[in-house]
Every structure is written in C-alpha cells, then in structure tokens.
Amino acid sequence: MTSDDLFEFPYLTRNEFAQSIEHFVHQYGVVLAGGHATSVEIRPGHGSRQYLRICKPLFSACTDHAAEDSDAAYVDDLEDPDPVQPEPARTVDQGQVEYHIVHLASWRVPVLYVRVHVRGVDGSMETVMDAGRVADALVADRAVRGAMAAVEFGGALGIQDHPELGEPFMYLHPCHTATLLRAVVAPAGGQPSGVHIGQHNFIAAWLSLVGTAVGLTLPSI
C-alpha cells in the first residue's frame, strides 16, 4: 500500500479527503481559474475540518439586438443581395454559482453542495433553491438535461443545511457515490478496468461522474 492508496476504497477518511482536495487544487486550480474568473480554494470548516470551494460566474449568450420576425427577415434577404450577417452572440453575466465539496463522516464520501445566485434586472442577486431552476441555470446541454429528466434527477437534488456553514444549500444526495466509483474501477462483472483511483485523483474522478449534472465539468490536463 502506497501513500496514495485509500484505506477502504471507495470510502475516504477525513485525512484522505484533506489530502485529496489539496491534490485537486494543485492539479486544477490554475486551469479552472484561467479566463473565467473562477476561484478554487480550500476553506476552513469546524475545528480542523476543511472543504473545497469552487466559485464561477454564470454566463448566458445573447446578441445586442432582438431577433427580427422571421417573415420580415425573409423579405430582407430577398431585397438585399448581400445581407449583413447577424452579430455574434456575446456573453452576459447572469450571476454566480458556488460548488462546495464537503466530507460527510456518516457517508464517508465527498458531497457536492451547490448555491446558485441569479442576477435580476435591477442588479440584485437572488439565491435559487429550486431543483428545476438550478438545472435551467447550470446545464445548457439538452442531451444531459434529457437524461436527467429521464431518471427524475430532480429527486437527487435536495436542500440541506451546509454542514460547515449551517446555511441551506442545494446538494446532490451521496447514496450512489460508492457504487459509481466502484463501477469505474471494475465496470463489468467485477473485472478490474485498470483505472486506479487514489488520493491524487479521487476528487477529479468523482466530479467526472457527478459534476456534469450541475454544470461542473473539468478540463483535460
């Protein structure tokens, strides 16, 4: 057993979790922060506990001008032999999303807490605590949203007080975490896949399984 191995995979001790989030920050902190004002940091919890916080802005694509009526656009195309191309979409700041990765001793796995802040027309921020609206804000891929609807994903996204902050957050229920991670290592009939999950890549491997459902994807490094 090496220093990277987990004592009882797919479960984590508190110390193994602390080492795992340090590895994640070292591997992905700069990459995630580049170009999108994303912050990745380890925050103190109660006592000696720690959790990982990833915070990034929410953007939506739009154009400076409203789309014209389709009939009017068709007439313009007939009259103008060289119509002006539509302006490219630009991104507009719609708010902010926080992802907190917390170790729960009762489950012995990391749990993903999510808080979405949506900017209103008056500039004020609203905290969204509804599973459907959270999915609308975070998941743009229609295929992913269709898959989520097919398995009634909203039932896996609930509201719970953050164990370190004592404030209500949306969170992904961890009941299938251990099963998912075991399937990565031995996906068929218990035959090993050759994939090794240790402290150095535990958080990245876990997020690759659950992060897409709440708009948190990792770049290739």
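The model is predicted, so local features are reported at pLDDT of at least 70 and side-chain atom pairs at pLDDT 80 or more, while totals for chains, interfaces and linings use all residues. Residues are numbered from 1 along each chain as its sequence is written, and side-chain values use heavy atoms, with hydrogens and water left out.

**The segment before α1**

Select F9 and P10 to begin. A cis peptide bond joins F9 and P10, with omega at about 10°. P10 lies in the segment before α1; helices (H or I, at least four residues) and strands (E, at least two) are DSSP runs, numbered from the N terminus.

R108 belongs to the loop between β3 and β4, and its phi is near 60°, a positive value in a residue other than glycine. Which residue forms a salt bridge with R108? The partner is E8, with the closest N and O atoms 2.9 Å apart. A salt bridge is defined as a side-chain nitrogen of Lys or Arg within 4 Å of a carboxyl oxygen of Asp or Glu. Because E8 lies in the segment before α1 and R108 in the loop between β3 (90-104) and β4, the pair ties together parts that are 100 residues apart in sequence.

The charged end of R108 also sits over the ring of Y11, 4.1 Å from its centre. For this description, NZ of Lys or CZ of Arg must be within 6 Å of the ring centre and within 35 degrees of the ring normal. E8 is partly exposed at 38% relative accessibility, and R108 is partly exposed at 33%. Buried means under 20% relative accessible area, exposed over 50%, and partly exposed in between (1.4 Å probe, protein chains only).

**The aromatic pairs**

The structure holds two aromatic pairs. Rings of Phe, Tyr and Trp (its six-membered ring) pair if their centres lie within 6.5 Å; planes under 30 degrees apart count as stacked, over 60 as edge-to-face and the rest as tilted.

Select F24 and Y28. Their rings are stacked, at 5.0 Å centre to centre with 20° between the planes. F24 and Y28 are separated by about one helical turn, because the two are four residues apart in helix α1 (residues 14-33). Both F24 and Y28 are buried.

Y113 in strand β4 (residues 109-119) and Y171 in strand β7 (residues 168-172) link distant parts of the chain, 58 residues apart. Y113 is buried, with a relative accessible area of 0%, and Y171 counts as buried at 11%.

**Further salt bridges**

Seven salt bridges are present in the structure. Select E167 and R115, whose side chains meet in a salt bridge (3.1 Å, N to O). E167 is in the loop between β6 (157-161) and β7, and R115 is in strand β4, so that the pair links distant parts of the chain, 52 residues apart. Is each partner buried or exposed, or in between? E167 is partly exposed at 33% relative accessibility, whereas R115 is buried, with a relative accessible area of 14%.

Select R133 and E126 next. They form a salt bridge in which the closest N and O atoms are 2.9 Å apart. R133 is partly exposed at 38% relative accessibility, and E126 is partly exposed at 38%. Then display E41, R43, R53 and E98, which are linked in a network of salt bridges.

**The loop between β6 and β7**

Select L165, which is found in this loop and is partly exposed, with a relative accessible area of 35%. Leaving aside its neighbours within four places in sequence, L165 is in contact (heavy atoms within 4.5 Å) with Y51 and H100.

**Helix α5**

Finish with helix α5 (residues 177-185), whose buried residues are T177, A178 and L181. These residues are on the same side of α5 because they cover an arc of only 95° around the axis, the arc being that of the directions from the helix axis to the C-beta atoms. What covers the buried residues of α5 includes β4 and α6 (202-210).
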